[in-house]
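Have a look at it first.

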Amino acid sequence: MKRITAFIVAASLMVAGIAVSGSAGRAITIKGSDTMVILGQRWAEVYMKEHPGIVIQVTGGGSGTGIAALINGTTDICQASRPMKPAEKTKMKERYFTQGTEIPVAKDGMTVYVSESNPVSQLTIEQLRKIYVGEITSWKDLGGPDADINLYGRENNSGTYVFFKDNVLEGEDFAPAVATLPGTASVVNAVSKDPNGIGYGGAAYAKGVKQCAVAVAADSVAYPPTKEMVENGKYPLARDLYWYLRTKPEGDIKKLVDWVLSPSGQAVVTETGYFPVASKATAGK
């Protein structure tokens, strides 16, 4: 009973983002991607249950925030839904004489959400670009109703924002009409209540909305963000989800990383709604 109570307290503090110290020492801190925060929290819950005495603190804030925390030394592990930028690697090297350790821990099919009542079921990358830079403003131009398109997106510290800008907008700026929201859950909630809305984010959050199939070009087949299409590379907005560390993992952190990459840790990935990477026995060798 005492052990169960300790776990409940630790889990509550983890969700609240409050630093705690476990009986075995300082807590392992994980910070970054909002896309990955539900995955990180679930990993922490299962791992702490299987490893009494280990305390893991998980908070979001966005990939950019997590990478900054890693560079500043205020988190042990950064969760990121995009790769580190060259400028971030330079800052890491200037401070720690290393560019950090990058570990792909899961896969995602970055998903385009529309209302379940919207007759539009597939879009091309070029149509998405034109929608989000403001060149296409009506669903009528996409085979839908004669209604304005309401745009929802993420804040610029989000890895999903950067991934979408780099891979869909080809580096162009988002249209001023995009309503920027603090997390993917907020984007999904907005789209689910707006019959003319469109948004984007992690596949695991797609509840109560329609997931659009996406095609590379007008003459290409459009694929949905399913496990099969992400793993075989046909879904054009598939991406890796990362853990970043300042150095190669050691001690309790290495044990955690190895577990995350193991079949047990990857089963949590599937349970959460993302897609597994190939299981590995160890990390950081």
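The questions below take a few labels and check them against their cut-offs.

This is a predicted model, so local features need pLDDT of at least 70 and side-chain atom pairs count only at pLDDT 80 or more, while totals for chains, interfaces and linings use all residues. Residues are numbered from 1 along each chain as its sequence is written, and side-chain values use heavy atoms, with hydrogens and water left out.

Q: Why is Y132 called buried?
A: Buried means under 20% relative accessible area, exposed means over 50%, and partly exposed is in between (1.4 Å probe, protein chains only). Y132 has a relative accessible area of 1%, so buried it is. Y200 counts as buried too, at 0%.

Q: What makes the rings of Y132 and Y200 an edge-to-face pair?
A: Rings of Phe, Tyr and Trp (its six-membered ring) pair if their centres lie within 6.5 Å; planes under 30 degrees apart are stacked, over 60 edge-to-face, and the rest tilted. Here the centres are 5.5 Å apart and the planes are at 75 degrees, so the pair is edge-to-face.

Q: Why can this pair be said to tie parts together?
A: Y132 lies in helix α5 (residues 125–133) and Y200 in strand β11 (residues 197–201), so the pair links parts 68 residues apart in sequence. Helices (H or I, at least four residues) and strands (E, at least two) are DSSP runs, numbered from the N terminus. Y132 and Y200 also belong to one aromatic cluster with Y161, F164 and F174.

Q: How do you know that the charged end of R239 sits over the ring of F163?
A: The rule asks for NZ of Lys or CZ of Arg within 6 Å of the ring centre and within 35 degrees of the ring normal. R239 is listed as sitting over the F163 ring, 5.5 Å from its centre. R246 does likewise over the ring of Y96, at 5.6 Å.

Q: Why does Q79 count as buried?
A: Its relative accessibility is 0%, so Q79 falls under the 20% limit. Q79 lies in strand β5 (residues 77–80).

Q: What makes the link between the side chains of Q79 and W243 a polar contact?
A: A polar contact is a pair of N or O atoms within 3.5 Å; within protein, one must be able to donate a hydrogen and the other to accept it, and residues adjacent in sequence count only if both atoms are side-chain atoms. The Q79 and W243 side chains make theirs at 3.0 Å.
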